[in-house]
Structures are given as structure tokens and as C-alpha cells.
Amino acid sequence: VSRDSPRRDVTPRRRPRALTSTAHASSQPPASSFRRRSHRSRTMAAAMSAVPAVRATVAARSIVRRSETRKLAAPSRSVAARAITETVAESQGADSALYDEFKKLLVDYEFSYKVGDRVSGKVFHCESKGAWVDIGAKAAALCPASESSLAEVRNASAVFDLGEEYEFEIIKDDDGDGSLTLSIRKIQLEAAWDRCREQQAADEAVNSMVLSVNRGGLLVEVEHLRGFVPQSHIAVRVPNREDLVGQTIPVKFLEVDEEKNRLVMSNRLATDVVSGEGLGVGDVCTGVVQAVKPYGAFVDVGGVSGLLHISQISHDRIVAVENVLAPGDELKVLILSKDAERGRLSLSTKKLEPSPGDMLRNPALVFEKAEEMGRTFRERVAAAEAAAQAEEGATSEMAGMEAKASADEGEEA
């Protein structure tokens, strides 16, 4: 019997007294009936006397069962506690090992960025401020819209494609929020100056956009850099130079100075007339001095720029070119050589001197006799070429005769 189950009252109920009242005393039951009642009464009395013993037995068994249950439960709880403790310890050990490994990885992949470093990063968001770039640092880096391109752009989204990687240069350190400031413009600017230097060394002609016009010449844009074309180097002939604004004209580099942010170019050297069509070696042309340098003077000959070297001004020695020539001087020159591919002309006034030193003593006489001296020069050149050809022919003929003689001697032998 469980301790918690309700107890049943096993005490037999007595019959109502009404059944044994005096009203029925006159009717006596038979002897067999009396014996049955007597036997039932004894049985019930025996049962009633056994109830306390049964209850005591049941209670004792219940106490024993609970005691055994407690004895069994105590070791189970102890085992469970030890298992939980071991599990927690193992979990803490695993977490500690994981944190140690993570710290090691952080040390291995910790980047130290500084201004001037070039890094690769993936653009993941664009907004009005610029483009946000993941370069592997603790925080995302920002490339402002003004630093997104060497060309003028208003929005970084016009330059970058989301998810694409680009090369950047760090131009500003941590702003306090852990973000670095990046630039593509600075990389492009350096590359643009490099290309200009290469094109100047190769004497290449490039296209430029005319931005504005002033009294000194043209302001143009080449490789997204601003340069200047002096008035003396403008070959385009238009009634109003303001009409050139927005047009594309070819130019060549005269000066490339990145430190001074200075670009000087020539349109005249890059035009078709630079090839010197219609001009030949020995021709005499009228030109205007455009610039004077320590090594000579640049002379504009019908839109073509030629160099009159200091050694070709006169037969007499010249100490300083500016003592003889000045910008704006008009003079007659003879074409010594021409490089149509590079658009270069070599000029001379020395070849036009009737007498050595006339260019210094009497330049007017030199210009008066220029055509005559030019014809004389061409005749000399033609005679020299004819002599060279004759000599070459004679040499070839002599070599042929010697070869024939050697062959005849071989046959005789």
C-alpha cells in the first residue's frame, strides 16, 4: 500500500439496530440461522483484530521501500553531479583552446597600415560620401568621391562596381573610428605623369582638349592633367581662338615637370605641317624667332618649328645667343635636315653667309644673298651626292673586275 494512496476503512459496519429491535423479539430465528450469525460475528471480530497488524506491516514495508529508494538515489545524484562537472570542465577547456587558436590567428593576420601603403580592397557599398572598401582591416575604409578618380566625378558609384576589387593608396590614417582614408586618384595621377614623360621621350603626338584661351596661349587637358600651349606654338588658324574651346587638338610635350606641376606643349610640332611637306633640304625659308635658349633658337617656319643651333648661326664664335637673336626677330634660314617622322627641322644661317661672320656684322646682307647662297649650297650638295654615287659605282666596277680577273686566273691554272 502506497503512503500516498487513500486508506480504506476495513472495519465492518454494524447492522442497524432496527433489525434487532424488540419489535421482532417475539419471532425467534431457527438454530441454523443463529449458528450462521455467530460464525459471521466471530469472523468479523477476527478480521477487525487483524487490521492493526496489517496496517503496521504495510507502513513498515513503505518505510523500507522509501529508505531503499533514497539509498539508490543518493549515488545516482552524485554520479550525475560528477558528470556535469566533468562536462563543464571539458567545455571550458575546449573554449580556452579555441580562444587561444583565435588569438594566434589574429596575431598572424594582424595588418599594420600606414599612409602611403598600397592595398587591394573590395568595394561593398557606395554613398554620397564615397565608397566603403573592405581591405582586411579592423574597420571598413573609405574612398571619398573626390579621390575616386583623376577625372571629376560627383558620385563614387559612377566609378566603382560593387563586389569588385581595386588598388588603393592610403592617404589618411585612422580617423578615430578605425577607418582609413583611401585614394585611387593619387595612383592615377602618378601614372599620368609617367605616361607624359614617356611620350615626351618618344616625341609622340597626343590629343588634348582645349579648356580655355588667354592672351598667352591655350589651356589644355592631357591625361586628365592641365597643360599650357604658348601662343607661338599654336598652329591652328581660326578667326577667333575662343572657337577652339571644347575642341581636340594634337600636341607634343615641350616640358614635363611633375614637381612644379608644369606641362608645356606645342600644337605646331604635332600638326600635319610638322612633317615639313613641301620643304626640302637646301630650301631657304623665312622664319620668326619664337624662343632663345643657351644652345640655340627655335624658329617658326610657316607653322613648323625648327632649331637653329648656336653652331649654325655664324662661322664666327658666338658666346651668347641672346646677343645675336631675340624673340620676334625675322630672318631667313636654310633647312639643313628634316625628320618628318619626329617633326623636327634643323636650320642654319651660317650656310647663307657670303663671308664668314657676316651674320654678326651685316645680317641684312646675309638675308639679301640668302637665295643665291641657298642655290650654291644645293649645287654643292648635288655635286657631293653625284661624286659619292660615282665613287660607289667605280668601287663596284673595280670589285667586279678584280673578281673576274681572279676567276680567269683560276681557269688558267
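## Aromatic pairs

F160, Y166 and F168 form one aromatic cluster in this predicted model. Rings of Phe, Tyr and Trp (its six-membered ring) pair if their centres lie within 6.5 Å; planes under 30 degrees apart count as stacked, over 60 as edge-to-face and the rest as tilted. By this rule there are four aromatic pairs. One of them joins F160 and F168: the ring centres are 6.0 Å apart and the planes stand at 40°, so this pair is tilted. Both F160 and F168 are buried (buried means under 20% relative accessible area, exposed over 50%, partly exposed in between, with a 1.4 Å probe and protein chains only).

Y295 and F298 make an edge-to-face pair, because their planes are at 90°, with ring centres 6.3 Å apart. How accessible are these two residues, Y295 and F298? Y295 has 39% relative accessibility and therefore counts as partly exposed, and F298, at 24%, also counts as partly exposed.

## How to read the model

Residues are numbered from 1 along each chain as its sequence is written, and side-chain values use heavy atoms, with hydrogens and water left out. As this is a predicted model, local features need pLDDT of at least 70 and side-chain atom pairs count only at pLDDT 80 or more, while totals for chains, interfaces and linings use all residues.

The predictor's confidence in each residue, pLDDT, runs from 0 to 100. The protein chain averages 76, and 67% of the residues score at least 70. Over residues 18-39 the pLDDT is below 50, and this stretch has three contacts in the model beyond near neighbours in sequence (contact means heavy atoms within 4.5 Å). A word of care for that stretch: where pLDDT is low, the predicted coordinates should not be read in detail.

Helices (H or I, at least four residues) and strands (E, at least two) are DSSP runs, numbered from the N terminus. Two strands pair if DSSP finds at least two bridges between them. Let us start with strand β1 (residues 118-126), which runs antiparallel to β2 and is joined to it by four bridges. These two strands form a hairpin with three residues between them, and V123 stands opposite V133 in β2.

Strand β2 (residues 130-134) is in turn joined to β3 by four bridges, again in an antiparallel arrangement. Here W132 has L142 as its bridge partner in β3, and A131 stands opposite C143. Six residues lie between β2 and β3 in their hairpin, and G136 in the turn has a positive phi of about 90°. β2 is mostly covered, with four of its five residues buried.

## The barrel and the nonpolar cores

Five strands close into a barrel in the order β11-β12-β13-β15-β14, with mixed pairing. Neighbouring strands of this sheet are turned by 50° against each other on average, direction ignored (axes are lines fitted to C-alpha atoms, for helices over the stretch in contact, and angles run from 0 to 180 degrees between N-to-C directions). Strands β13 (residues 304-309) and β15 (residues 344-348) run parallel and share three bridges; L308 stands opposite L347 in β15.

A nonpolar core is a set of buried Ala, Val, Leu, Ile, Met, Phe, Trp, Tyr and Cys residues joined through side-chain atoms within 4.5 Å. The largest one has 26 residues, and V299, L308, I313, L325, L331, L347 and L352 touch the most other members. The elements giving two or more residues to this core are β11 (284-293), β12 (296-301), β13, β14 (330-339), β15 and α5 (370-412). β14 gives the most, with four residues. Leaving aside residues up to four places away in sequence, L308 touches G296, A297, V299, I313, L325, L331, L347, S348 and T349. A second, separate core of 19 residues includes W193, V210, L244 and V251.

## Two loop residues with positive phi

E223 has a positive phi of about 55° although it is not a glycine. E223 sits in the loop between β7 (217-222) and β8 (225-230) and counts as partly exposed, at 24% relative accessibility.

N261, in the loop between β9 (248-257) and β10 (262-266), has a positive phi near 55° and is likewise a residue other than glycine. Is N261 buried or exposed? N261 is exposed, with a relative accessible area of 58%.
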